[in-house]
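Dear colleague,

I am handing over the structure we spoke about, with some notes on what I found when going through it. Please look at it first, and then read on.

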Amino acid sequence: MAVVVRAGAAPMMWLGGLAAAVGLVPEGFTGRRIGLYGGAAVFLVAAAVVAAVRTGRYRELERGATRAARGDILQDRAVTLRNRRRRHRWWLLAAFAAAVGSAFAVPAAGGLLLAGAGAGLWLKARALGRREEAAERLLWVRTDWVEGGRPAGARVKGYRTTGPAAGDAAPGGARRR
């Protein structure tokens, strides 16, 4: 389940960082220094907001988690990453274009906003991983319940659990080493 949360973090942080770097080229209306300070503030706010949003729903579903049944389809980590990133690639490209375009008004702020959202997703996945490690169980979402890649969407009725050695993902959605 944390793999789905974590899947969007890396592309958002990379594209946000690239957009911020490209955004430093034009002077903009506000100037580079104000753009960077404003972007840093927006980065922190976006990371905090994204990390905090829907945590109650995650905890509610986590409390009601049941052991994975034999008939549950639990997807491989690589397949989950590929599907999630394919489904959201146009949104990411549009966000990247908007971040670069906003650099003509406030340099680097749009890119740092996008990177902050990615950092917030990464923080959320890390928090989920800490809870998975503390409970010594991995949380999964049935693939037929995940609508549009949302692990806490309306169609998700509950999480499934397995032992920490199951699957190819470590707690928090990272690759098992």
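Which residues does Thr 162 touch, not counting residues up to four places away in sequence? In this model, which is predicted, they are Ala 68, Leu 74, Arg 137, Leu 138 and Trp 140. With Trp 140 there is also a polar contact between the two side chains, at 2.7 Å. Thr 162 belongs to strand S3, residues 160-162, and with a relative accessible area of 12%, which is under the 20% limit, Thr 162 counts as buried.

That strand is part of an open sheet of 3 strands, ordered S1-S3-S2, in which the pairing is mixed. S1 (66-67) and S2 stand at the edges and have a single partner strand each, so that one side of each is left without a neighbour in the sheet. S1 and S3 run parallel and are joined by 2 bridges, and Thr 66 has Arg 160 in S3 as its bridge partner.

Turning to helix H4 (residues 55-63), the buried residues there are Tyr 58, Leu 61 and Glu 62. Because they cover an arc of only 105 degrees around the axis, they lie on the same side of H4. Among the elements that cover these buried residues are helix H1 (2-7), helix H7 (109-135) and strand S2 (138-140).

Lys 157 is placed in the loop between S2 and S3, and its relative accessible area of 63%, over the 50% limit, makes it exposed. Between the C-alpha atoms of Lys 157 and Glu 147, which are 10 residues apart along the chain, the separation is 12 Å.

Finally, a point that comes from a record: the UniProt entry, which is unreviewed, lists residues 12-29, 35-53 and 90-123 under "transmembrane region". In the model, residues 12-29 are 67% helix and 0% strand, with the end C-alpha atoms 25 Å apart, while residues 35-53 are 95% helix and 0% strand, with the end C-alpha atoms 26 Å apart.

Methods:
Residues numbered from 1 in each chain as written. Predicted model: local features only at pLDDT ≥ 70, side-chain atom pairs only at ≥ 80, totals over all residues. Heavy atoms only, no water. Helix = DSSP H or I, 4+ residues; strand = E, 2+ residues; numbered from the N terminus. Buried < 20%, exposed > 50% of the residue type's maximum accessible area, 1.4 Å probe, protein only. Polar contact = N/O pair within 3.5 Å; in protein donor to acceptor, adjacent residues only side chain to side chain. Contact = heavy atoms within 4.5 Å. Arc of directions from axis to C-beta. Pairing = 2+ DSSP bridges. UniProt positions renumbered as here; feature names shortened; annotations may be inferred.
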